[in-house]
Amino acid sequence: MKHTAYIKTALGPIKISEVDGFITELLFVKDTLEIPGEQKTPLLEKAEKQIKEYLDGTSRGFDLPFAAKGTEFQKTVWEALHKIPYGETRSYKQVAEMIGRPDASRAVGMANGKNPILLLTPCHRVVGSDGKLTGYAAGLEIKEQLLELELTYGGR
């Protein structure tokens, strides 16, 4: 069964969903629709706590079970993103090289754009080869704020 909760944060509302004990969706949304009878599961409550700690700089990561639906290539890219340290960035080309597909920079970008669990899978840490910010599902302003947050609280 799918359970969904909305979390209010300084960066805007976040929708988080759980299916069978795994976080399957974590997205910034424009509107927070209160769901009548919404019941936060223990996992959604734990996720809310960890997201707030991450966003206020008291935590650098997450200890939550998650499962993202995607192609094998997408999952390979998303797995590589977990290897980018807090407060650091990598280019799309560097991520392509990390997965052994040095000519797949554009495909890496497409996989990033399909990431259904933002923050938990840190696609915000991927930038253009010139170091400039490029696309982010929640918008470049939020990407910039996430990177600044990580630099402020312990990145290089």
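One term before we start: a residue is buried if its relative accessible area is under 20%, exposed if over 50%, and partly exposed in between, using a 1.4 Å probe and protein chains only. By that rule Gln50 is buried, with a relative accessible area of 11%.

Quick housekeeping. This is a predicted model, so local features need pLDDT of at least 70 and side-chain atom pairs count only at pLDDT 80 or more, while totals for chains, interfaces and linings use all residues. Residues are numbered from 1 along each chain as its sequence is written, and side-chain values use heavy atoms, with hydrogens and water left out.

Back to Gln50, which sits in helix H1. Helices here are DSSP runs of H or I with at least four residues, strands are E runs of at least two, and both are numbered from the N terminus. What does Gln50 touch, not counting residues up to four places away in sequence? Gly61, Phe62, Asp63 and Leu64, where a contact is heavy atoms within 4.5 Å.

Staying in helix H1 (residues 42-55), let's talk about Glu48 and Lys52. They are 4 residues apart, so about one helical turn separates them. Their side chains meet in a salt bridge at 3.0 Å, N to O. By salt bridge I mean a side-chain nitrogen of Lys or Arg within 4 Å of a carboxyl oxygen of Asp or Glu. Glu48 also has a salt bridge to Lys40, with the closest N and O atoms 2.5 Å apart. Buried or exposed, where does Glu48 fall? It's buried, at 15% relative accessible area, whereas Lys40 at 32% and Lys52 at 38% are both partly exposed.

The count of salt bridges comes to 8. One more of them pairs Glu25 with Lys2, at 3.8 Å from N to O. Glu25 is in strand E3 (residues 22-28) and Lys2 in strand E1 (residues 2-7), so this pair ties together parts 23 residues apart in sequence. Glu25 counts as buried at 15% relative accessibility, and Lys2 as partly exposed at 49%.

On to helix H2 (residues 72-81). Here Gln74, Val77, Trp78, Ala80 and Leu81 are buried. They sit on the same side of H2, because they cover an arc of only 155° around the axis, going by the directions from the helix axis to the C-beta atoms. As a reminder, an α-helix has 3.6 residues a turn, so residues three or four places apart point the same way. The buried residues of H2 pack against helix H3 (92-98), helix H4 (105-113) and strand E5 (126-127). On the face turned away from that buried side you'll find the exposed residues Glu72 and Glu79.

Last stop, Thr134. You'll find Thr134 in the loop between E5 and helix H5 (140-152), and it's partly exposed, with a relative accessible area of 27%. Which residues is Thr134 in contact with, leaving aside neighbours within four places in sequence? Tyr92, Val126, Val127, Gly128, Leu140 and Lys143. And if you look across to Gly109, it is 25 residues from Thr134 in sequence and 9.2 Å away in space, C-alpha to C-alpha.

That's my tour; over to you.
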